[in-house]
Amino acid sequence: MLLNTIAEYGAQDAVRRLPGEVIHHAKRAFLDWLSALYPGTRTAPCRQLLNAHRIELGAGASSLPGCGTTAFAPTAAWINGSVSHAVEFDDIYRDAIYHPGCPTIAAALALAEEQNASGLALLQAIVVGYEISTRIGAAVQPAHYRFFHTTGTVGCFGSAAAAAALRAPGNAEVMMHALATAGTLASGLQQAFRSDAMSKALHAGHAAEVGVRAGLGAAHGITGVADILEGEVGFGAALAGHPDWSVATAGFGQRYNIASITQKNHGCCGHTFAAIDAALALRAGGLRSDDIATLRVDAYQTALDVTGNFHPATAFEAKFSLPYVVAHALVHGSVRLDAFGPARLEDAQVRELMRKLQLVADPDLSAGFPKTRAARLTITTRSGAVLKHFSPYRKGDPESPLSDADLNDKFAELAGPVLGSERTQALCEAVWRMDGLSVRALRLAADRPRA
C-alpha cells in the first residue's frame, strides 16, 4: 500500500547519512521557523494558549522558546506550532500550497528536546517530515485547497513523520502507523482564515500535536489503517477527489523538496507576494505613490479568492488583503511587521491608493497555479504614463531564494526585539552548528521575552 512505500523511505532517511546540502537546508528551515516563532510570542494566540495551559507549564523538557518555560511534548508542539504560524512569516512549499515548518518543526523540536536528541537527529527528522508531507500535499492539490487549509491537514503527516523518525528511527512499521493515525486526525477548514479569528494559527498547532501523539502512540503499539490515503473513503477521496498519488512517492531519497522551499520576504499571505515584488520593483525605479492615478493587479484566481479584501479592518485581515499590502509597499517600501500596526492600518495615503486599485483574475496565471504564483502590476501615472512589471515568481521562491545571509538578517530583525541582539546572534550561530550539538544545548527554554 502507498503508506508502506512512504514509511520505508521515512525510516531509511531517518538513520542514513544524508547529503550535506540537505542537512544545510534543514538548518535553513529551522532558523527560518525560529524567525517566525519569536515574534509570534508577542501576539495572539500565544498569551491565550499559555493561560489556557497554565497548569501544565514548567513540566516536561520541551521548550516554549521566548516564553521562558517548558511543557510536555504534545502541549509544546501545540503551542509552538500555533505561535509560529501567527505572524505569517513561515515557510511555504509552493506545489502543495502548504507551510511545512510550523507543524513539522514544532513536533520535531518538542520530541527531540524531550529525549535529549542530537541536533543531527533533529535535522534528519525535519527532512523526513518535509519530504513526506510536501509530496502528499502536492498529490492532493489543487482540489484539496478549495475547502481545506493544507497546513492543518497535510501538516499532520509532516509532524507524524518527524515524530516517528525521532521516536523509532529506522522502524518503518512505526512510521507507517504514525502516518496512518495522523491521517484520520487531519483537519483544518479554509473558512477559519477568512475572518479575524485565531483558528488559522491553531491549525498548525493542532497538526503538530497530532503528529507527536501519533508518533508516540505508534512507538507503543497503536495501529492505524494502512490505506488511509488511497482507500475508498480515505484521505484522498474525502479531501481531494482524485489525487495523483504517483506524486506522493516520486523522487524519494533522490530529489529533496526541502531544497525547494519558499522562505518569506514579506509578513503576510504568500498569495500576495508576486504583486508586492512588482510594486517594489516599480518603486525602486523611481515611481512615487502620490503620482499614481490607477493601478491594476492581474493574478491567479486563488490569490483573489483568498486575498481580495478591499476593506481590511484588523491586522489579520490586512495580511490577507492584496490591495492593502500592494498599496503599503508602494507607499512605505516594504511589508514587514510594522505594516500591520494601528497607525499603518489607518494610513490615509495607503487607503486612498487601495481605492484606485483593480484586481483581475488572469486565466493563464490561474492555470499555472499552484506550481507558479505570478502577478502582473500595471500602473498609470497622473501624467498618463503606463508602467508595467511582471513577477513570474516571488523573491524567496526557489527561483530567487533568500541567501543564508538574508535568513540571518531576517532572524535578527524578527527575533532580536524578543531576545536582544547578543542572544539572537549567539542562537543564530548555534543553529548553523547544530549538527554538532545536542538540541538542549540551544537552551531554548531559557529565553524569555524582553520587557
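Reader: How many strands does the open sheet have, and in what order?

Author: Strands of a sheet pair through backbone hydrogen bonds, either parallel or antiparallel. Two strands are said to pair if DSSP finds at least two bridges between them. Strands (E, at least two residues) and helices (H or I, at least four residues) are DSSP runs, numbered from the N terminus. In this predicted model, the open sheet has 4 strands in the order 4-3-5-6, with mixed pairing. Residues are numbered from 1 along each chain as its sequence is written, and side-chain values use heavy atoms, with hydrogens and water left out. Local features need pLDDT of at least 70 and side-chain atom pairs count only at pLDDT 80 or more, while totals for chains, interfaces and linings use all residues.

Reader: Which are the edge strands?

Author: They are strand 4 (357-361) and strand 6 (386-391), each of which pairs on one side only. The twist from one strand to the next averages 15 degrees, with axes taken as lines fitted to C-alpha atoms and angles running from 0 to 180 degrees between N-to-C directions.

Reader: Which strands run parallel, and which antiparallel?

Author: Strand 3 and strand 4 run parallel and are joined by 5 bridges; within this pair, Asp298 has Val360 in strand 4 as its bridge partner. Strand 3 (residues 292-299) runs antiparallel to strand 5, with 7 bridges, and here Ala299 is partnered by Ala375. Strand 5 (residues 375-381) is likewise antiparallel to strand 6, through 6 bridges, and Ile379 stands opposite Leu387 of strand 6.

Reader: Where does UniProt place the C-terminal domain?

Author: UniProt positions are given in the numbering used here, with shortened feature names, and annotations may be inferred rather than shown by experiment. An unreviewed UniProt entry lists "domain: MmgE/PrpD C-terminal" at residues 266-433. Over residues 266-433 the chain is 48% helix and 15% strand, with the end C-alpha atoms 27 Å apart. For "domain: MmgE/PrpD N-terminal", also from an unreviewed entry, UniProt gives residues 5-246. That stretch, residues 5-246, is 59% helix and 2% strand, and its end C-alpha atoms are 11 Å apart.

Reader: How many residues does the largest nonpolar core have?

Author: A nonpolar core is a set of buried Ala, Val, Leu, Ile, Met, Phe, Trp, Tyr and Cys residues joined through side-chain atoms within 4.5 Å. Buried means under 20% relative accessible area, exposed over 50%, and partly exposed in between (1.4 Å probe, protein chains only). The largest core has 106 residues, and Ile6, Phe30, Ile132, Leu229 and Ile258 have the most contacts inside it. Helix 6 (residues 119-140) supplies the largest share, 11 residues. A second, separate core of 47 residues includes Ala274, Leu282, Leu287 and Met354.

Reader: What does Glu131 touch beyond its sequence neighbours?

Author: Contact means heavy atoms within 4.5 Å. Not counting residues up to four places away in sequence, Glu131 touches Tyr9, Phe252, Arg255, Tyr256, Asn257 and Ile258. Glu131 belongs to helix 6 and counts as buried because its relative accessibility is 1%. A polar atom of the Glu131 side chain lies 2.9 Å from the backbone nitrogen of Ile258.

Reader: Is His144 buried or exposed?

Author: His144 has 0% relative accessibility and therefore counts as buried. His144 is placed in the loop between helix 6 and helix 7 (150-153).

Terms used
A polar contact is a pair of N or O atoms within 3.5 Å; within protein, one must be able to donate a hydrogen and the other to accept it, and residues adjacent in sequence count only if both atoms are side-chain atoms.
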